[in-house]
Amino acid sequence: MYEAEKQLLYEAHMTLEKYGLVAYTSGNVSLRIDDKVIIKPSGVPYSLLKPADMIVVDLQGETIEGTKKPSIDTATHLYLYKHLDWAKSIIHTHSTFATAFAVLGRTIPVLCTAHADVFGEEIPVSEYAPVGSEAIGKAVLKVIGKSGTVLLKRHGVIVVGESLDDALKKAIFLEEVAKMSYFVLLRENVEQLDTSEIDRLNLQYHTKYGQR
Ligand SMILES: [Zn+2]
């Protein structure tokens, strides 16, 4: 079942690796199809990963299809799908520059137009929560905003998307924005863009940018 979706999910994992957002086995992507979720198997290196390895689970976490154990972060993904109707895909990474902000417990302010375009808000940081239970999902839900993007204190990143492409786009742009912000903030404290300009850019990007 879900062969086409498993292929897309596999390709999404390869995209994360191509952009240098994950290393060896870390990170994972999931995709919701109705009341099922497809997710990466636990601890499988990207170089060995195959589309057929993807695990199908129900919203209670029971494996429906697949011979491997699902990602250790499955409970986090399921908790967020159960509480966010609009969530169709979730990405977790430890991408370096975004995680540097997460380790510092620092939000990423809106310093440039690309940040305002894609995210439209300061990227929040959740409280610290241990891996492997619903605790991370609960911590994310407390701070998640319109960007669907949250830094996990001392850990990494969770990106919630309206589609697989939306989640991928945000995971990639988050690292780019974090990298730029890191270098800027090393030098001096820079003010955020005006709130009205952030809102204007974000609306323009989501209604006028691209081929639609
Ligand atoms: Zn992690």
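Helix α3 (residues 96-104) and helix α6 (residues 164-187) pack at an angle of about 65°, their axes lying 7 Å apart. The model is predicted: local features need pLDDT of at least 70, side-chain atom pairs count only at pLDDT 80 or more, and totals for chains, interfaces and linings use all residues. Residues are numbered from 1 along each chain as its sequence is written. Helices are DSSP runs (H or I, at least four residues) numbered from the N terminus; axes are lines fitted to C-alpha atoms over the stretch in contact, with angles from 0 to 180 degrees between N-to-C directions.

**α3 and α6**
- In α3, Phe97, Ala98, Ala100 and Phe101 meet Leu174, Glu175, Ala178, Lys179 and Tyr182 of α6, where contact requires C-beta atoms, placed from the backbone, within 7 Å.
- By class, this contact of α3 with α6 holds seven nonpolar, no polar and two charged residues (Ala, Val, Leu, Ile, Met, Phe, Trp, Tyr, Cys and Pro count as nonpolar, Asp, Glu, Lys and Arg as charged, and the others, Gly among them, as polar).

**α2 and α5**
- The axes of α2 (residues 74-83) and α5 (residues 135-143) come within 7 Å and cross at roughly 45°.
- Ala75, Thr76, Tyr79, Leu80 and His83 in α2 meet Ile136, Gly137, Lys138, Val140 and Leu141 in α5.
- The residues of the α2 contact with α5 comprise six nonpolar, three polar and one charged.

**Surroundings of Leu151**
- Leaving aside neighbours within four places in sequence, Leu151 is in contact with Ala98, Phe101, Ala102, Ile123, Pro124, Val125, Ser126 and Val157.

Note on methods: Helix = DSSP H or I, 4+ residues; strand = E, 2+ residues; numbered from the N terminus. Contact = placed C-beta atoms within 7 Å.
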